[in-house]
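Biologist: I would like to learn how to read a structure model, one feature at a time. Please give me the general idea, then the case at hand.

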Amino acid sequence: MQVRVFDNKDEASQAAFEIIKDSMANGAKVLGLATGSSPVALYDKMTASDLDFSNMTSVNLDEYVGLSGDNDQSYRYFMNQHLFNKKPFKESFVPNGLATDADNEPAHYDKVIEEHPIDVQLLGIGRNGHIGFNEPGSPLDGGTHKVALTQSTIDANARFFANENDVPRFAYSMGIGSIMKSKKIILLAFGENKADAIKATVEGPVTDHVPASVLQNHKDAIILVDKAAASKLSK
Ligand SMILES: N[C@@H]1[C@@H](O)[C@H](O)[C@@H](COP(=O)(O)O)O[C@@H]1O
């Protein structure tokens, strides 16, 4: 696991952009994408660039159960707004929050991932160390699953909804096992409220209590953080 500390979010996002650009120049065809505020500056750089994504496939990490892609709080809507409407990909997969056969959606999404092996997976991190929606206690080798969100995650995401009761209680998430199969992983974290999660991820034991700590076992995981998120690291 490589950790790089930057003065600010913009510089870290630029570094992430360069890694994606180089990977594409070296043949990467599938990007694993994330939602949340952390990747937004990177998506702005991607849309402002002259990079062509029309031969690229994207596979997103997660989606709220019960929200349609038209709902402005769904992750499909987020991705359309921040990236796909401006830079269309050849194909873009996001779990289907309205899957009619809800029991089958995880298996269906695992097939999508299997058929489109991820070259570069982008991650944010929750304050409790979750990646995608793999909350603490998720199996470190699992596939796509339906997740009951923790109160900490519901609270953190409530700011995006009119009131807390509107925050979905369940999500579909790519599993940690699938994330770990990506050739390269970039995790972005900014701000002091991520400092504890980053310390546990980088310096703590590999444990399902801190899902992101499993990245210590990945051959090519790069953690890009600003000074605030790095502030609790011992060196
Ligand atoms: N499912 C998403 C995660 O993929 C994301 O990493 C996390 C942090 O979001 P932010 O980047 O806004 O801090 O939020 C949500 O829980």
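This is a predicted model: local features need pLDDT of at least 70, side-chain atom pairs count only at pLDDT 80 or more; totals for chains, interfaces and linings use all residues.

Modeller: Start with a pair of helices: helix 1 and helix 2 are oblique to each other. Helices here are DSSP runs of H or I with at least four residues, strands are runs of E with at least two, and both are numbered from the N terminus. Residues are numbered from 1 along each chain as its sequence is written.

Biologist: Why are helix 1 and helix 2 called oblique?

Modeller: Two packed helices are described by the angle between their axes and the distance between the axes. Helix 1 (residues 9-25) packs against helix 2 (residues 40-48) at about 55 degrees, and the axes are 9 Å apart. Axes are lines fitted to C-alpha atoms, for helices over the stretch in contact, and angles run from 0 to 180 degrees between N-to-C directions. Under 35 degrees is roughly parallel, over 145 roughly antiparallel, 65 to 115 roughly perpendicular, and the rest oblique, so helix 1 and helix 2 are oblique.

Biologist: Which residues of helix 1 and helix 2 meet?

Modeller: Contact means that two C-beta atoms, placed from the backbone, lie within 7 Å. From helix 1 come Lys9, Asp10, Ser13, Gln14, Ala16 and Phe17, and from helix 2 come Ala41, Leu42, Lys45 and Met46. By class, this contact has five nonpolar, two polar and three charged residues. Ala, Val, Leu, Ile, Met, Phe, Trp, Tyr, Cys and Pro count as nonpolar, Asp, Glu, Lys and Arg as charged, and the others, Gly among them, as polar.

Biologist: Is Ile223 buried or exposed?

Modeller: The test counts other C-beta atoms, placed from the backbone, within 10 Å of a residue's own: 20 or more is buried, 12 or fewer exposed, and in between partly exposed. Ile223 has 25 such neighbours, so Ile223 is buried. Ile223 lies in strand 10. Beyond four places in sequence, Ile223 contacts Met1, Gln2, Val3, Leu187 and Val202.

Biologist: Where does Met56 lie?

Modeller: Met56 lies in the loop between helix 2 and strand 3 (57-60). Its count is 20 other C-beta atoms within 10 Å, so Met56 is buried. Not counting residues up to four places away in sequence, Met56 touches Lys29, Leu31, Phe89 and Lys90.

Biologist: How many residues surround the ligand?

Modeller: A residue is near a molecule if its C-beta atom, placed from the backbone, lies within 6 Å of it. Here 13 residues surround the ligand, and the closest are Gly36, Ser37, Ser38, Gly124 and Phe133. The shell divides into four nonpolar, eight polar and one charged.
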